[in-house]
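The stops below go from the whole chain to single residues.

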Amino acid sequence: MSIRSTDPGSAADGSTGPKVALTSQEGTSAEMERSLCEEKKIRLKVDVRLCTIAGLLCSLNLLDSGIISSASVTSMLHDLSLDQGHRYSVSILIFTVSSVCFQLPATLAVRMLGPRSFFALATFSFGLITLSTAFIHSWKEMILMRVLLGAAMSGIFPGLALLISSWYRREELQLRFAFLQCGEVLVLATGGILNWGLNHLDGRGGLKGWQWMYLVEGLVACVIGVATYWWIVDFPEHSNQSFFFLTRNEAHIATSRIQRDRGDVVPAPFAWAEVFRHFRDLKIYGFAASFFLLNLVSTSLSYFLPIILQSGLGFSTNEAILLSAPPYYYAVIPVIISSWIGDKYRLRGPVIIFNSLCLIAGYIMLGFTDQVPRLVGTYLATGAYISNWAALNSYQACNITGQWKRAVAAATLAACNGLGGVAGSFIVRQKEAPRYLTAIWVSIG
């Protein structure tokens, strides 16, 4: 069938050139829309599989602080002779020191062994050690358990930060870190309520209330560790090794979108010289200082919140354990709102500054007002420092590229974050109750 030739401005069916061009543009637009829909679908799959388990795993660090802080207002300090001198603070410090020492090799191991094997083993080990802590009898045994816990936990937070930053574009990161933080604080808050209930089992089965806390929550962590092997996903380039996750086409789209954004989907061959070369980047030390200061503040509040509520605000033991939970539930609100704003408008610095101002206001209320405003101050301070976790994590992930460099950065930041915890464990002084002015002034500063 022949078609008569027409002039350049018309087609055989009478249509014009511009109309043909418009149809082509519409086709391109439809393809782009389909591509965006596919990316959203994949992103939702990653959210469901990765952010959920990441929140649970990251909560283990806070779960530990929740157990020991709740147990500190029971008979544990007396039973283990932790109430003498600085033994309780040392038990917190030694956990952090152990964690800092193992963080770099543990984070690199996440890349080498793969997320599924590493996180399953680390989580199960954490649960087993926590469970075993229920059966110790002296402060020296507690110190040993804290050293083992620190080693088991060392790679979880930096490893998860590395894995999450590998799966998302830079403008999507802060909200995903917020999801991780929400999972953390919700588990911590629920753990506080669980600890309140478990403390009522004091004397049952020949165990004290604090022993029930370690026994039950350690068992839960062991179960999560087993589930982690099938639940968590691998890095994007190995996503086909994850159970019932992405199709081959979806895996290609997922890696392509990250490659377009950062160009570092596939890591370079591992070499220690390359790893140590990244320590010359001054940005890493700037972020490390920020994480040190943030955890200095958060440790002083999270580890000692029940003690502050009991000796500082006059609540009973069970009331102090129970009332330490609501501030963490509240924190979900500011962390989601501030992270959504940060991603939508690509703002990091202003969000961090605003959260810091809220943190200062919370500590002023906590240190220099009466009972009700002091309680409100715990909410404001808790929401602010948790919001800044998400903001700072996304800020560093957006400015550091390269798989091994991000692994080095994640380990370094987690280590300095841990050192902040060391300092924070010593600034809340029992003899300064009920105002704890050293902790207040250091945190405000």
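The tour starts with the chain, then moves to one residue and to the core.

This is a predicted model, in which local features need pLDDT of at least 70, side-chain atom pairs count only at pLDDT 80 or more, and totals for chains, interfaces and linings use all residues. Residues are numbered from 1 along each chain as its sequence is written, and side-chain values use heavy atoms, with hydrogens and water left out.

Of its 445 residues, 54% are buried (under 20% relative accessible area, 1.4 Å probe, protein chains only).

Next, select helix H1, residues 17-71, and find Ser70 in it. Ser70 counts as buried because its relative accessibility is 1%. Show its side chain: a polar contact of 3.3 Å joins it to the side chain of Asn195 (N or O atoms within 3.5 Å, one able to donate a hydrogen and the other to accept it; residues adjacent in sequence count only if both atoms are side-chain atoms). Leaving out residues up to four places away in sequence, Ser70 touches Asn195, Met213, Pro306 and Ile321 (heavy atoms within 4.5 Å).

Now select Leu50, Met76, Phe119, Leu160, Trp167 and Tyr363, which touch the most other members of the 112-residue largest nonpolar core (buried Ala, Val, Leu, Ile, Met, Phe, Trp, Tyr and Cys joined through side-chain atoms within 4.5 Å). H1 supplies the largest share of this core, 13 residues.

Finish at Tyr363, whose contacts beyond four places in sequence include Val297, Leu301, Ala381 and Ile444.

Technical notes
Helix = DSSP H or I, 4+ residues; strand = E, 2+ residues; numbered from the N terminus. Buried < 20%, exposed > 50% of the residue type's maximum accessible area, 1.4 Å probe, protein only.
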